[in-house]
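Okay, thanks for coming, everyone.

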Amino acid sequence: MVAALETYFAPSWRIGDEALRRMHEELSRETLLMEMLEAFPIPAAVINRERQIVLHNKRFADAAPRGAEDRLLGLRLGESVGCESSADAPSGCGTGKACRLCGAVVAMLHAQGGTPSLQECRINAQDGDETIALDFRVMAAPMTVRGHEVTIVSVADISDEKRRS
């Protein structure tokens, strides 16, 4: 476990690279989990107690900003999409002052407390030199796999729906 750093909201600690790799390898051998993840029609990921991405489906990688799709392991959701708030937060995604209002972090924390959660969030993300507004509906549900307490997170882009309303 990496030492806890400063935070204004969610816990800041992360597990180290070696432990993360071991967890990834162990969970990737779970055929049913991998098939379920790929069956999601939208981007989905498995995160650990530290909110780091351990596994994700192809749609999640395809939705990542250019160049990030092959290095998502260990990132948090906001970091994986280029969230400006996570870049400004003292210890990454979930630890900034603005993160208290983020539906994605709230959904994950509720799920880690044992309650599935569905929340909406707006993320201002950097994509190269451009800032884009992303609207998501985030579903998070707790699960235990091979003794690991994890959270399944799905992310639906509702930007068009928000613009129409």
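When I say strand or helix, I mean DSSP runs, E of at least two residues for strands and H or I of at least four for helices, numbered from the N terminus.

Before I go on, a word on what we're looking at. This is a predicted model, where local features need pLDDT of at least 70 and side-chain atom pairs count only at pLDDT 80 or more, while totals for chains, interfaces and linings use all residues. Residues are numbered from 1 along each chain as its sequence is written, and side-chain values use heavy atoms, with hydrogens and water left out.

Back to Q52, then. Is Q52 buried or exposed? Buried, with a relative accessible area of 3%. Buried here means under 20% relative accessible area, exposed means over 50%, and partly exposed is in between, with a 1.4 Å probe and protein chains only. The Q52 side chain reaches the backbone nitrogen of I15 at 2.9 Å; for a polar contact we want a pair of N or O atoms within 3.5 Å, and within protein one has to be able to donate a hydrogen and the other to accept it, with residues adjacent in sequence counting only if both atoms are side-chain atoms. Not counting residues up to four places away in sequence, Q52 touches R14, I15, L20, V46, I47, G74, L75 and R76, where contact means heavy atoms within 4.5 Å.

Now the strands on either side of that loop. β1 and β2 pair in the antiparallel sense over three bridges, and we call two strands paired if DSSP finds at least two bridges between them. The hairpin has five residues between the strands, and R51 takes a positive phi near 65° there. β1 also runs antiparallel to β5, joined by four bridges. Look at V46: it stands opposite L55 in β2 and opposite I152 in β5.

Next, helix α1, residues 17–28. It has 12 residues and spans 16 Å from first C-alpha to last, close to the 16 Å expected at 1.5 Å a residue; the expected span is 1.5 Å times one less than the number of residues. Which residues of α1 are buried? L20, M23 and L27 are. They cover an arc of only 65° around the axis, which puts them on the same side of α1; the arc is taken from the directions from the helix axis to the C-beta atoms. The buried residues of α1 pack against α2 (31–39), β1 (44–47), β2 (53–56), β4 (130–145) and β5 (148–157).

On to the core. The largest nonpolar core has 27 residues, and A104, C121, I123, F136, V138 and V153 touch the most other members. By nonpolar core I mean a set of buried Ala, Val, Leu, Ile, Met, Phe, Trp, Tyr and Cys residues joined through side-chain atoms within 4.5 Å. Which element gives the most to this core? That's α6, with five residues. Apart from this core lies another one, of 14 residues, among them L20, F40, A44 and L55.

So how buried is α6 itself? Eight of its 10 residues are buried, so α6 is largely enclosed by the rest of the structure. The buried residues of α6 pack against β1, α4, β3, β4 and β5. Just after α6, G114 takes a positive phi of about 105°.

Then there's the β3 and β4 pair, antiparallel over 11 bridges. A125 has I132 in β4 as its bridge partner. That hairpin has two residues between the strands, and G128 takes a positive phi near 70°.

Last, two arginines on the outside. R163, in helix α7, counts as exposed at 59% relative accessibility. R66 lies in the loop between α3 and α4 and is exposed too, with a relative accessible area of 66%.
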